[in-house]
Amino acid sequence: MVKYILVAILAVLPLAAQEVKEDMQVPYIPYEIKMGEHFDVIQSQCLICHSFGYMINQGPQSKAFWAGKVKKMKVAFGMDISDQDAVSVTEYLFKHYGNGKLK
Amino acid sequence: MQRRDFFKKSLAVAGAAAVGSSLEAASQPKTGQKVSNVAFPQKRPMITYSDRPPLLESTRDVFSQAITPNDQFFVRWHMPEIPTHIDLKKYRLEVNGEVERELSFTLDQLKTEFEPVEVVSVLQCGGNGRSAYAPIAGGIQWGNGAVGNAKWKGARLKDILDRAGLKHEDFWISFYGLDKAAYYKTPNFIREMHHTELDDHVIVAYEMNGEELPYLNGYPVRLIIPGYYSDSWVKMLSNLTVTKKYQELFFMDVAYRVPDNATESEEPGSHKKIKTKPITTMNVKSMIGYPDNGTKVYLNSHLTVRGVAFDQGKGIKEVSVSIDGGKTWEAAILDDGKHGRYSFREFRYTFNPSKYGEQKIMTRATNLAGEVQPLAEEIGWNHGGYKYNGIDIVTIEVV
């Protein structure tokens, strides 16, 4: 009898052992972001897929680098953005998170 | 590999001689970043580069012990939509493609129908230490903490594939996770490997340091590929697909690649299209866990430097320490290596700081294949900022 009870308990254990049973909340971090011309495009496009932290923690970069990133988002990741808005995003990033170099 | 490292060094020196020291490609990665005041689920507060997708880095002090605690283990996701709840009644690991039998396993089946195996292995992001590169390489500017070491328990990938039955002797296998892109046109994060890269040490892990995996580290199961950078250690693993041919995938063909040459480096800013190769296996590295930059110690106090060293599994032979700026080196004491060749090895080195003011401490690992951790300035630049493994340097203050 004792043996049967033990078997029964052991059989239930794997399910009971799950530590998280409900949805977890991943916190929102309010990264400080610079305001400026074309910020509206940044807000409507970039935030669809990633945080501001993902952008500003790339370090100060050249205009060619930022243009390349925007192109990657459009061509490789399918961002739905007009050519004009893509230029605006690049300009914003280079102005606020640039290293002053074109290349 | 030894040969390649030799070339790496000689080329870097030649480059420096020809153009002057301004060409130095790397220095120390950034250090001393503050942890966030917000903790992520199942984690202590960590250095937080992004919340969506979560990018969390461990602080230096974590690396004075061989096993990295689950709640301080670094986190790196590519896609923003990560399940924050897994219903084990519904969760399945699917095996399909060029197999005799398509199969589907519950977590419980993975635990009970296959021989459980354990491996202690380092998990390191290919971009760990990227912030050391100059000019700044593209990508998150990680310090040295996108790495950890854990005891993983799971089922051998080989055993799972054998159960399904392989149709071809030569095959590729692709790994899918449950994280999803936010936008339907974005390619999902899928990795693939050739069967020759997979050995008995590759497991589908359901346990990390004796606990279930934290969600942010891939609950309920993730792939463990000891010796390899973590780009193919797919988290929340949901699907193994066997194919006869290599599939062209964005995250294989474009990301996580280095120049395909002897030094795995390139001229910064040349913008030339060059041939690249996947980053694959990890190079030899040591890191100081204690003390930290700016730590104050008394003159002639017995200071014990602690840290960890690892490589791709060839095995650490020695960690040496220099307290005179690299002029002389002395062997540190290594732990007994009980965790195996894929694990962090702990080292310690005690000395009496004998001069007031700044004191530099440098550590250098050598593996059994004779590969030596290079000085940061000997490491050539690559545009993705991958595979940094410079000699670690900490500067303390003697008071």
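Among contacts in chain B between residues at least 6 apart in sequence, 72% link residues at least 24 apart; here two residues are in contact if their C-beta atoms, placed from the backbone, lie within 7 Å. The structure is a predicted model, in which local features need pLDDT of at least 70 and side-chain atom pairs count only at pLDDT 80 or more, while totals for chains, interfaces and linings use all residues. Residues are numbered from 1 along each chain as its sequence is written, and chains are lettered from A and ligands numbered from 1 in the order in which they are written.

Chain B contains four helices and 24 strands (DSSP runs numbered from the N terminus, helices being H or I with at least four residues and strands E with at least two). The radius of gyration of chain B, 21 Å, is close to the 21 Å given by the globule rule for 399 residues, so chain B is as compact as a globular protein of that length; the radius is taken over C-alpha atoms, and the rule is 2.2 Å times the number of residues to the power 0.38. Of the 399 residues of chain B, 48% are buried (20 or more other C-beta atoms within 10 Å of a residue's own; exposed means 12 or fewer, and partly exposed lies in between, with C-beta atoms placed from the backbone).

Chain B is assigned domain 1 (2-30 + 280-398) and domain 2 (47-261), with bounds that come from an automatic or database domain assignment. The C-alpha centres of these two domains of chain B are 28 Å apart. Their contact takes 36 residues from domain 1 of chain B and 35 residues from domain 2 of chain B. On the domain 1 side, S18(B) gives the most, with four residues.

A further contact joins the chains, taking 31 residues from chain B and 29 residues from chain A. On the chain B side, the largest share, four residues, belongs to S1(B).

Some local details of the backbone are also worth a look. A cis peptide bond runs from B:Ala134 to B:Pro135, with omega near -5°, and B:Pro135 sits in the loop between strand S6 (116-124) and strand S7 (147-156) of chain B. Another cis peptide bond joins B:Tyr219 and B:Pro220, with omega about 5°. B:Glu264 is not a glycine, yet has a positive phi of about 55°; with 20 C-beta neighbours inside 10 Å, B:Glu264 counts as buried.
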